[in-house]
Amino acid sequence: MAAVEDVDRGGEGGSFYRQEAAVTDGNLITVSGIVPLEFAKEVIRNLDVFSAQTLKAWYQLSVTHEMQYFHAIMESLEE
């Protein structure tokens, strides 16, 4: 917690801190240890495994477990 407090006060490195689940800069991806899905999403995006549409549907399926996103994945793969 001290590191977060230092950052909040503008401590060393504070200007680089981003209050986001995942931050990507080139090939460097950083995330909190409590957001593995966001980490996977950024790795998949960085490796260009899926189209943007497929990645969005994959992420939404993973978050919501709603079948409409499974169908969106299948449709995006046909294009």
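The model is a predicted one. Its secondary structure comes to four helices and two strands, and reading along the sequence gives the pattern α-β-β-α-α-α. Of the 79 residues in the protein, 16% are buried.

**Contacts along the chain**

- Take the contacts between residues at least 6 apart in sequence: 6% of them join residues at least 24 apart.

- Strand 1 covers residues 22–25, and strand 2 covers residues 28–31.
- The two strands pair in the antiparallel sense, with four bridges between them.
- To see how they line up, find alanine 22, which stands opposite valine 31 in strand 2.
- Together the strands make a hairpin with two residues between them. In this hairpin, glycine 26 takes a positive phi near 65 degrees.
- Aspartate 25 belongs to strand 1. Because its relative accessibility is 59%, aspartate 25 counts as exposed, the cut-off for that being over 50%.

- Helix 2 runs over residues 36–47 and has twelve residues. From its first C-alpha to its last it reaches 16 Å, close to the 16 Å expected at 1.5 Å a residue.
- The structure holds one salt bridge, and arginine 45 forms it with glutamate 42. The closest N and O atoms of this pair are 3.1 Å apart.
- Both partners lie in helix 2, three residues apart, which is about one turn of the helix.
- Are the two partners buried, exposed or partly exposed? Arginine 45 has 44% relative accessibility, so it counts as partly exposed. Glutamate 42 has 13%, so it counts as buried.

**Helix 3 and what covers it**

- Helix 3 spans residues 52–64, which makes 13 residues. It reaches 18 Å from its first C-alpha to its last, close to the 18 Å expected at 1.5 Å a residue.
- Which residues of helix 3 are buried? Thr54, Leu55, Ala57 and Tyr59 are.
- The cover over the buried residues of helix 3 includes helix 2 and also helix 4, residues 67–78.

**Rings**

- Tyrosine 59 is buried in helix 3, and lysine 41 lies over the face of its ring. The distance from lysine 41 to the ring centre is 4.2 Å.
- How many aromatic pairs turn up in the whole structure? The search finds zero.

- A bit of background first: most residues other than glycine have a negative phi. That makes the next two residues worth a look.
- Histidine 65 follows helix 3 and lies in the loop between helix 3 and helix 4. Histidine 65 is not a glycine, yet it has a positive phi of about 65 degrees.
- With 64% relative accessibility, histidine 65 counts as exposed.

Conventions. Residues numbered from 1 in each chain as written. Predicted model: local features only at pLDDT ≥ 70, side-chain atom pairs only at ≥ 80, totals over all residues. Heavy atoms only, no water. Phe/Tyr/Trp six-rings, centres within 6.5 Å; stacked < 30°, edge-to-face > 60°. Lys NZ or Arg CZ within 6 Å of the ring centre and 35° of its normal. Expected span 1.5 Å × (residues − 1). Buried < 20%, exposed > 50% of the residue type's maximum accessible area, 1.4 Å probe, protein only. Contact = heavy atoms within 4.5 Å. Pairing = 2+ DSSP bridges. Salt bridge = Lys/Arg side-chain N within 4 Å of Asp/Glu carboxyl O.
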